[in-house]
Amino acid sequence: MAFLTGEVTYSRGLEGVVAAITSIAAIDGEEGKLIYRGIPIELLAEKSNFEETAYLLWFGDLPKKDELENLKRDLVEHREIPQFLVDCLKGAPKDTHPMEILRTCVSMLGCFDPDKNDNSRGANIRKSIRLTAQMPTIVAYYSRLRRGLELVHPDPKLSHAQNLYYMLTGEVPNEEISKLMDVILILHMEHGMNASTFAAMVVASTLSDMHSSICAAIGALRGPLHGGANERVLEMLQEIGTVENVEPYILNALKEHRRIMGFGHRVYKAYDPRARILKEYAERLSREKGDTKWIEIAEKIEEVMIREKGKKGIFPNVDFYSGIIYNLLGFPKEVFTPIFAIARVVGWTAHVLEYLQANRIFRPRAIYNGPLDVEYIPIDKR
Ligand code: SDX
């Protein structure tokens with residue numbers, strides 16, 4: 001068999017390559033549609049909550065009352081983390097990004113997990129639920145420690161979304177904020193073969209363990225081309241500073257071929273349906289808080305970008321408006337991407353569980369474009 005030197009098609013970044021068959025979610029990039037197990041994301045955002053949608057993604061159907069109550073109980077039961085990890089959070093360098101802390105702690109959780117030597121489906125389901133319960137605690141604890149604040153321990157009376165807000169801020173959210181937190185987590189929960197989900201699946205396909213898969217996913221999500229964009233969008237808004245500065249800033253950035261964070265998508269060539277929903281909440285919250293500066297700058301950026309790049313299919317994505325909401329809720333910028341991870345761990349684990357039911361190790365090829373038939377020159381003759 002000859003070396004692979006070029007007679008095959010190569011798609012940079014695996015663009016357009018199908019890596020799996022799934023019934024978890026589907027994206028219509030041309031029409032800007034997203035469905036979870038066949039249900040449009042708009043309906044789930046309007047009518048569902050984190051726990052119910054997590055059940056849907058993991059198990060394929062909306063839960064019955066007892067199934068939902070059992071999942072809620074399991075998530076509440078596993079919110080606390082080992083004291084050893086709390087001590088690690090206290091000792092971690094304060095300038096460490098929370099995504100690095102999250103990746104490190106998830107790895108350590110694998111050492112403490114009661115099912116750590118069991119990679120059966122049942123054990124992986126239990127690990128998925130435990131990780132989903134524990135990750136908010138890690139993020140919230142570290143965020144408060146690095147701000148010199150007292151830890152706020154999980155409140156078993158609160159829902160998953162409410163409890164995240166409570167542990168981050170120390171306040172129990174009102175009904176409106178509770179709903180917004182559920183919507184945020186639902187919208188970020190799953191998105192098919194995105195880079196971090198694919199990373200989780202590649203690791204799982206070697207029959208490694210769930211914690212290793214989720215560590216890989218966290219590492220991938222952190223990048224500014226993926227989940228890390230939400231933090232950079234707020235930085236961009238702050239750098240622009242006024243609506244008047246938007247046009248020159250954006251036109252100059254485009255002239256320098258810089259990517260505008262929060263725009264563009266490998267699959268969506270239309271408006272990201274998640275961004276549409278988040279924009280509405282961002283507008284409403286901005287008005288209610290009496291702080292419309294950032295939403296006005298963002299909407300001006302959207303206007304300029306769609307005028308300049310809309311024809312090329314470049315529109316706002318899920319990361320463009322989320323940061324405005326988090327900022328108005330009082331979350332520090334560095335927890336924006338960890339919040340994405342707290343939601344997406346459901347999608348990551350759902351795809352690992354699904355793929356392992358018909359597993360085959362991921363092993364693509366590469367076209368070799370190096371030299372051939374090179375002789376070995378001894379070092380004293382080089
Ligand atoms: C997420 O995959 C997922 O589903 C991800 C995600 C999920 O839920 O998991 O949806 C979450 O990661 C959203 C994306 C967040 N990232 C950003 O907002 C960073 C900025 N966006 C770009 O870096 C880019 O759009 C990507 C990474 C999102 C997609 O990159 P592609 O598909 O590889 O596109 P590309 O970089 O090859 O660009 C194609 C063309 C280029 O023009 P040319 O140089 O060929 O003339 O589009 C242009 C790019 O210049 N372009 C942009 C742009 N994105 C693409 N130009 C300006 N600003 C941008 N943001």
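# Exercises on a predicted model

Strands E1 and E2 (residues 33-36) are antiparallel and are joined by four bridges. Strands (E, at least two residues) and helices (H or I, at least four) are DSSP runs, numbered from the N terminus. Residues are numbered from 1 along each chain as its sequence is written, and side-chain values use heavy atoms, with hydrogens and water left out.**Exercise 1.** Find the strand order of the open sheet of three strands, and say which strands stand at its edges.

*Solution.* Step one: the order is E1-E2-E3, with antiparallel pairing, where two strands pair if DSSP finds at least two bridges between them. Step two: E1 and strand E3 (39-40) each have a single partner strand, so they are the edges and one side of each has no neighbour in the sheet. Step three: for a residue pair to look at, take Ala26, which stands opposite Ile35 in E2.

**Exercise 1.** Describe the surroundings of the ligand.

*Solution.* Step one: count the shell. The ligand is surrounded by 23 residues, the closest being His191, His265, Arg266, Arg274 and Arg344; a residue is near if one of its heavy atoms lies within 4 Å. Step two: sort the shell into nine nonpolar, seven polar and seven charged residues. Here Ala, Val, Leu, Ile, Met, Phe, Trp, Tyr, Cys and Pro count as nonpolar, Asp, Glu, Lys and Arg as charged, and the others, Gly among them, as polar. Step three: assign domains. Domain 1 (19-222 + 335-356) and domain 2 (229-328) each supply at least three residues of the shell, with bounds from an automatic or database domain assignment.

**Exercise 2.** At what distance from an oxygen atom of the ligand does a polar side-chain atom of His265 lie?

*Solution.* Step one: for His265 the distance is 2.7 Å. Step two: Asn317 also places a polar side-chain atom 3.0 Å from a ligand oxygen, and an N or O atom in the side chain of Lys312 is 3.1 Å from a ligand oxygen. Step three: turn to area. The protein covers 75% of the 1000 Å² of accessible area that the ligand has on its own, by the Shrake-Rupley method with a 1.4 Å probe.

**Exercise 3.** Is Asp373 buried or exposed?

*Solution.* Step one: locate Asp373 in the segment after helix H16 (336-355). Step two: its relative accessibility is 80%, which counts as exposed; buried means under 20% relative accessible area, exposed over 50%, and partly exposed in between (1.4 Å probe, protein chains only). Step three: Asp373 has a positive phi near 55° without being a glycine.

Note on methods:
This is a predicted model: local features need pLDDT of at least 70, side-chain atom pairs count only at pLDDT 80 or more; totals for chains, interfaces and linings use all residues. A polar contact is a pair of N or O atoms within 3.5 Å; within protein, one must be able to donate a hydrogen and the other to accept it, and residues adjacent in sequence count only if both atoms are side-chain atoms.
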